[in-house]
Every structure is written in C-alpha cells, then in structure tokens.
Amino acid sequence: MRDSYTRFFEHFNIEFKEIINFGVEMDTIYPDSDKIKTEWKDLIDSVTNDKQVYIRGYGRDAHATDLYKELYEILLGNGKIKKDSTNNAKPTQLLQKITGFSKTIKKDSAKSKKISNYQVTHIFGRTKNPFLFTAPWNLVWKSKIMDPFTGHESKGENTDEYKTAFLKKSKAKYAEFIKEYNALASQYFSAEKIDNAFNQMESNLKVSITVFNKFKNDARNELKKIE
C-alpha cells in the first residue's frame, strides 16, 4: 500500500518517534493542572445547578442541538445549556485564560503571549457533553502541523501510533480529573437514566425517528466514561 505519510518520512529521513516526541511532549501546550482546578470545579457547579453552560452545535447547521438541550434538562435539571456561538468561542477564551497564550492579543493586554499556527483541540472530543466541552483539562493548544495525526480524516499506522501516545500522555497528566468526570457520568449518565430520558423525549418528538435514532447513538457516545 502506498502511504503518503510513510513516503514523506522516508524521503526526509525522519523517524516517526521523533514526530511523536515533538508533537506530544514538546510542542503541545497543556494547561497546568494546578491552574485548572478552580475552573473545573466551577463548571461542575454550573452544569449541576442549572447555570448557563455551553456545548457545540449538533446536526446539519446545528438544527438538532435542541435534542441535546432537552436531554440535559431531563438528566441534569439544567435548562440553561446554550450552543456556543462559533462552536469554539468559549473553549478558546478559557484556554487563553488558563495558559496565558493567545492567537489574538489586544494592545492593552500585558499578560498574554502571542502564538501562531496553533489551534484549540479537545483531547477526548465529546463536544456536545456540557461537562467536557469547556472542561479545562480537555483542552490543549495543538500545533496545526500535527493536526493530521489526530484528525478524523487521517488513517493508518502512523496516525494510530500518534493518537495512542497523545492520549496516553493526556490520561496520565489529567488522571484525577478524568476520575472525577467518570464519577459524574456514573451519577448522571447511567444507561438506565439515559434510556428513561430517551423514552420521555420520544413521547413528543419534533424530529423524524431516523434522526432521533442517530441522536441516541451519538448521545450515548458523548456521555460515556473515558476509559
């Protein structure tokens, strides 16, 4: 099989382990654990006490986002969950705050350090999950040149190896927060509670059964524990 990544590395005599070391260990900007505890605690409080929090839009043109809003009103008793205005505005603002790095710095800002060719990345995805969309430990600045190795479009041995190393590093670094999230998932997102919520929603559907069935599968993946 002809793999363009392999050909590129062979042509320039690059060991892929060096790519992994650079991308995972050296050039990804991870928030410091000590600086995110308060933000994480505040997010939990907002989600579980009917305060405004955000998720990414769902479905074509985000038209099906209301399904998640209804689901969370049942599961969490929270009717104030909103769609992020750009699908990444709130995570970007938070990451700038907790890392001190920004791609756009105002003239009167003396605290931020300018970066370029980095992007906000959700380590574990789950962007329609209100606990995880703006979870400070689920966000990093990732070099755009490394994006092919974690993006959905890329496939192959190199991609799998890079993703494995990236997730291993992230899980070790943020183990305490992952454990706390998994406890919340057990409390609010058990299979029984999710199924009961789906049954309530199905009694007054405003979308086709096909759309709803797809939503159910997607929602289960969004709300599951992080292994």
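# Questions on a predicted model

Trainee: Which radius of gyration does the protein have, against a compact globule with 227 residues?
Mentor: This is a predicted model. With 227 residues, a compact globule would have a radius of gyration near 17 Å. The protein agrees with that, and its own value is 19 Å.

Trainee: What box do the C-alpha atoms of the protein fill?
Mentor: The box is taken along the principal axes. Its dimensions are roughly 60 × 50 × 35 Å.

Trainee: How many helices and strands are there in the protein?
Mentor: Helices and strands here are DSSP runs. The protein has nine helices and six strands.

Trainee: What share of the contacts with a separation of 6 or more comes from residues 24 or more positions apart?
Mentor: A contact means heavy atoms within 4.5 Å. Among contacts with a separation of 6 or more, residues 24 or more positions apart account for 71%.

Trainee: Is Asn 13 buried or exposed?
Mentor: Asn 13 is found in the loop between α1 (4-11) and α2. It has a positive phi of about 55 degrees, although it is not a glycine. The cut-off for exposed is over 50% relative accessible area. Asn 13 is at 70%, so it counts as exposed.

Trainee: And Arg 126, buried or exposed?
Mentor: Arg 126 sits in the loop between β5 and β6. Its phi is positive too, about 60 degrees, and it is not a glycine. Buried means under 20% relative accessible area. Arg 126 is at 13%, so it counts as buried.

Trainee: Which side chain of opposite charge is nearest to Lys 128?
Mentor: Lys 128 is placed in the loop between β5 (118-122) and β6. It is buried, yet it has no salt bridge. Its contacts include Tyr 58, Tyr 68, Tyr 72 and Glu 222. The nearest side chain of opposite charge is 4.0 Å away, and it belongs to Glu 222.

Trainee: Which residues form a nonpolar patch on the surface?
Mentor: One member lies in the loop between β6 (139-143) and α6 (157-173), namely Ile 145. Ile 145 counts as exposed because its relative accessibility is 61%. The patch has about 330 Å² of accessible area together, and its residues are Phe 22, Met 26 and Ile 145.

Trainee: How far apart in space are Asp 32 and Pro 136?
Mentor: Asp 32 lies in the loop between α2 (16-27) and α3 (33-48). It is partly exposed, with a relative accessible area of 38%. In sequence, Asp 32 and Pro 136 are 104 residues apart. In space, C-alpha to C-alpha, they are apart by 9.5 Å.

How values were computed: Residues are numbered from 1 along each chain as its sequence is written. This is a predicted model: local features need pLDDT of at least 70, side-chain atom pairs count only at pLDDT 80 or more; totals for chains, interfaces and linings use all residues. Side-chain values use heavy atoms; hydrogens and water are left out. Patches are made of residues with over 30% relative accessible area and no salt bridge: like charges are joined within 9 Å, nonpolar side chains (Val, Leu, Ile, Met, Phe, Trp, Tyr) within 5 Å. Accessible areas come from the Shrake-Rupley method with a 1.4 Å probe; for residues, only the protein chains shown count as cover. Helices (H or I, at least four residues) and strands (E, at least two) are DSSP runs, numbered from the N terminus. Buried means under 20% relative accessible area, exposed over 50%, partly exposed in between (1.4 Å probe, protein chains only). Lys and Arg count as positive and Asp and Glu as negative; His and the chain ends are not counted. The radius of gyration is taken over C-alpha atoms; the globule rule is 2.2 Å times the number of residues to the power 0.38. Lists of a residue's contacts leave out its neighbours within four places in sequence.
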